[in-house]
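I opened this model to look up a few things about its ligand site and its charged side chains. My entries are below, in the order I made them.

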Amino acid sequence: MDLLHSNGVLIIQHLQRDYRAYQDFLNFMSHVGDPRNIFSIYFPLWFQLNQVVGTKMIWVAVIGDWFNLIFKWILFGHRPYWWVQETMIYPNQSSPCLEQFPITCETGPGSPSGHAMGSSCVWYVMVTAALSYTVRWKDKSAVTLHRHSCGSSI
Ligand SMILES: O=P(O)(O)OC[C@H]1O[C@@H](O)[C@H](O)[C@@H](O)[C@@H]1O
C-alpha cells in the first residue's frame, strides 16, 4: 500500500509543481462539478430543460454517493496530506510538502475520493447531454438544408 501512496504523492507533486499555471482553471472545473450542486442547481435546472438529463443527475447523486460510502467503508484509505506525516518511509522528517486547498481539507477516509467520483459523474452527464444536443441540432440543420436544396432544384 505504501508503494501506491508514495506514487500518488509523486503524481500530486508533479501536478502541483508543473501545472501551476492551470491551477485556477482546474479549481474552477472542480467547483463546477462539485456533487453538492446537484440538488440545489443542476437537478432543478436540467429538469426544466430536459427531464431525462435531470433524472440522470439525481441517479448520479444517489448511486454515486452510495457507492462511494460503501467503498470508503471497505477501503478506509488514507489521505495523501496526512499519510506523508504518518508514514515511516521518508527518513529524518524529509516528508514531501503537499499543498492543500479548502476542498481537500476533509477529515474522513480518503479513498476513493467522493469528490472525484461525484464530479466526474456530473461532468459526464453534462458533457454527454451537450454532445447529444449538438448532434441532434446538426442533424436537424442538415435535413433542413437538404430539403431547401431539393426544393430549389425542382
Ligand atoms: O472524499 P472526498 O474526495 O474528500 O470528498 C468529500 C466530499 O467533497 C465534496 O466536495 C463533495 O461535494 C462531496 O460529495 C464529497 O463527499
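These notes cover the ligand site, one serine in a helix, and the salt bridges.

**Entry 1, ligand shell.** I noted at the start that the model is predicted. I listed the residues around the ligand: Asp 34, Pro 35, Arg 36, Lys 72, Arg 79, Glu 106, Ser 113, Gly 114 and His 115. By class I get five charged, three polar and one nonpolar.

For Lys 72, a side-chain N or O atom is 2.6 Å from an oxygen of the ligand. For Arg 79 the corresponding distance is 2.8 Å. A polar side-chain atom of Ser 113 is 2.5 Å from a ligand oxygen. I then checked the cover: the ligand taken alone exposes 390 Å², and the protein buries 83% of that.

I found Arg 79 in the loop between helix H4 (51–75) and helix H5 (80–86). Which side chain of opposite charge is nearest to Arg 79? It is Glu 106, at 4.9 Å. A salt bridge needs a nitrogen to oxygen distance within 4 Å. Arg 79 is buried and has no salt bridge. Its side chain does have a polar atom 3.1 Å from the backbone oxygen of Pro 109.

I placed Ser 120 in helix H6 (residues 114–153).

How many salt bridges does a search of the whole structure find? It finds three.

- Glu 99 and Arg 20 meet at 2.7 Å, N to O. The pair links distant parts of the chain, 79 residues apart: Glu 99 is in the loop between H5 and H6, and Arg 20 is in the loop between helix H1 (2–18) and helix H2 (23–32). I logged Glu 99 as partly exposed at 32% and Arg 20 as partly exposed at 44%.
- Arg 17 pairs with Asp 18, with the closest N and O atoms 3.6 Å apart. Arg 17 is exposed at 57%, and Asp 18 is partly exposed at 42%.
- Asp 34 pairs with Arg 36, with the closest N and O atoms 3.8 Å apart. Asp 34 is buried, at 8% relative accessible area, whereas Arg 36 is exposed at 62%. I had already listed Asp 34 and Arg 36 among the residues around the ligand.

Terms used
Residues are numbered from 1 along each chain as its sequence is written. This is a predicted model: local features need pLDDT of at least 70, side-chain atom pairs count only at pLDDT 80 or more; totals for chains, interfaces and linings use all residues. Side-chain values use heavy atoms; hydrogens and water are left out. A residue is near a molecule or strand if one of its heavy atoms lies within 4 Å of it. A polar contact is a pair of N or O atoms within 3.5 Å; within protein, one must be able to donate a hydrogen and the other to accept it, and residues adjacent in sequence count only if both atoms are side-chain atoms. Accessible areas come from the Shrake-Rupley method with a 1.4 Å probe; for residues, only the protein chains shown count as cover. Ala, Val, Leu, Ile, Met, Phe, Trp, Tyr, Cys and Pro count as nonpolar, Asp, Glu, Lys and Arg as charged, and the others, Gly among them, as polar. Helices (H or I, at least four residues) and strands (E, at least two) are DSSP runs, numbered from the N terminus. Buried means under 20% relative accessible area, exposed over 50%, partly exposed in between (1.4 Å probe, protein chains only). Lys and Arg count as positive and Asp and Glu as negative; His and the chain ends are not counted.
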